[in-house]
Every structure is written in structure tokens, then in C-alpha cells.
Amino acid sequence: MDLTGKRIIQLVHHEFEDLELWYPVMRLREAGATVHLVGEGAEVEYKGKHGVAAVSTHGYDGIDPSAYNGLLIPGGWAPDKIRRFSSVLAMAQHFHQEAKTIGHICHAGWVLASAGVLSGVTTTSTPGIKDDLINAGAEWVDESAKADGHVISAQRPPDLPNYLPLLLAHLAE
């Protein structure tokens, strides 16, 4: 699958789930996409839950979401921090309004719930935030990975092999 010319935002903050950030980044880059790690600030080193580092290339406030084709949100504890930034919530709203690819896994649904973009969306997540997503208007399903239009979701790191083909296929459209 050739994703040359596609530009992707991968959000990052401390305590991200290492595999949920790096596995998609590597797969997308292998397919030819440009992936920018976007954190609270540019050139900030963030540590994953298991100690793997990620250095942001851009800051939340310095990114133009209209120049990108996809938004990815990792799980771990990072989503609870990421959703506190109004610029991130506006970014998620932009991607949703434009029906651009949004990928989220595990606890990442918290960001979309805070952005108010889950109403009527069928999605999955770690069961631990099931009630949060339902209360945000989502229809939650107990599935490994789920695509509902432009919103692609998965439950946990073992579900990455089911999640990535859905994500890559939507980006290729």
C-alpha cells in the first residue's frame, strides 16, 4: 500500500503506550507517509510507559491540521494529559468535521470524548473507558478493532495487527 504524499499527526505526551505510538508510526512510514510527532512543544522528549522515548517534531499550537490527512492518538496515560489542551480538541474537531482519518487505541478515546466528536460513532477502546465513551454519545462495541467511516479504533496493543490494516486502508482512499 502506497501512502506517499500522505501527512499524519501522531499525538504524543508522557506515559504513552509505547507500542500504540511506535507500531503505527513505523507502519505508516514504511508505506511512504510522513508522520510528525506532535506534543506540547517541539523538540520535547517524552517517555513511554515502558521507557521508550519519542521526541516531538511540532507543538500542539504550531500545527495546521488542514495540512494533514490523518490524526493518530496513542493510548497509555498520555490521553488524559493530551485532552487538556484546547488546541488538540480543536484539531480533533477539525479532523472529524472534515471526515479525515482519526485513529485511536486503548485510552485514546478520552481525547475524542473531550472534543465532543463521538456522538453516533461506533467505536471500541479498552473496556476501562467504555462508560466514558458511551456517555460521550458513542456506540461502544467489544471488538478488537473497528472502523466507522473515518474513525478507526482498537482496544489494546495485541489488537494492532487488526487496527493497522483498517487505518492504512482508510488513508489510502
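**Cys106 in the loop between β7 and α4.** Cys106 lies in the loop that joins strand β7 to helix α4, with helices (H or I, at least four residues) and strands (E, at least two) taken as DSSP runs numbered from the N terminus. Cys106 has a positive phi of about 65° although it is not a glycine, and it is buried, with a relative accessible area of 9%; buried means under 20% relative accessible area, exposed over 50% and partly exposed in between, with a 1.4 Å probe and protein chains only. Most residues other than glycine have a negative phi. The model is predicted, so that local features need pLDDT of at least 70 and side-chain atom pairs count only at pLDDT 80 or more, whereas totals for chains, interfaces and linings use all residues. Residues are numbered from 1 along each chain as its sequence is written, and side-chain values use heavy atoms, with hydrogens and water left out.

**Glu15 in the loop between β1 and α1.** Glu15, placed in the loop between β1 and α1 (18-30), is a residue other than glycine with a positive phi, near 70°. At 33% relative accessibility, Glu15 counts as partly exposed.

**The open sheet and the pairing of β7 with β11.** Seven strands form an open, mixed sheet in the order β5-β2-β1-β6-β7-β11-β10, where two strands pair if DSSP finds at least two bridges between them. Its edge strands, β5 (58-59) and β10 (145-148), each pair on one side only. Strands β7 (residues 101-105) and β11 (residues 151-154) run parallel and are joined by four bridges, and Ile102 stands opposite Val151 in β11.

**Helix α3 and its surroundings.** Helix α3 (residues 86-97) has 12 residues and reaches 16 Å from its first C-alpha to its last, close to the 16 Å expected at 1.5 Å a residue, the expected span being 1.5 Å times one less than the number of residues. Among the buried residues of α3 are Val88, Met91 and Phe95, and the cover over its buried residues includes β1, β6, α2 (78-82), β7 and α4 (109-115), contact meaning heavy atoms within 4.5 Å. Just after α3, Ala99 takes a positive phi of about 55°.

**Ala172 in helix α6.** Ala172 lies in helix α6 and is partly exposed, with a relative accessible area of 41%. Not counting residues up to four places away in sequence, Ala172 touches Met1 and Leu3, while Ala172 and Asn69, 103 residues apart in sequence, are 10.0 Å apart in space, C-alpha to C-alpha.
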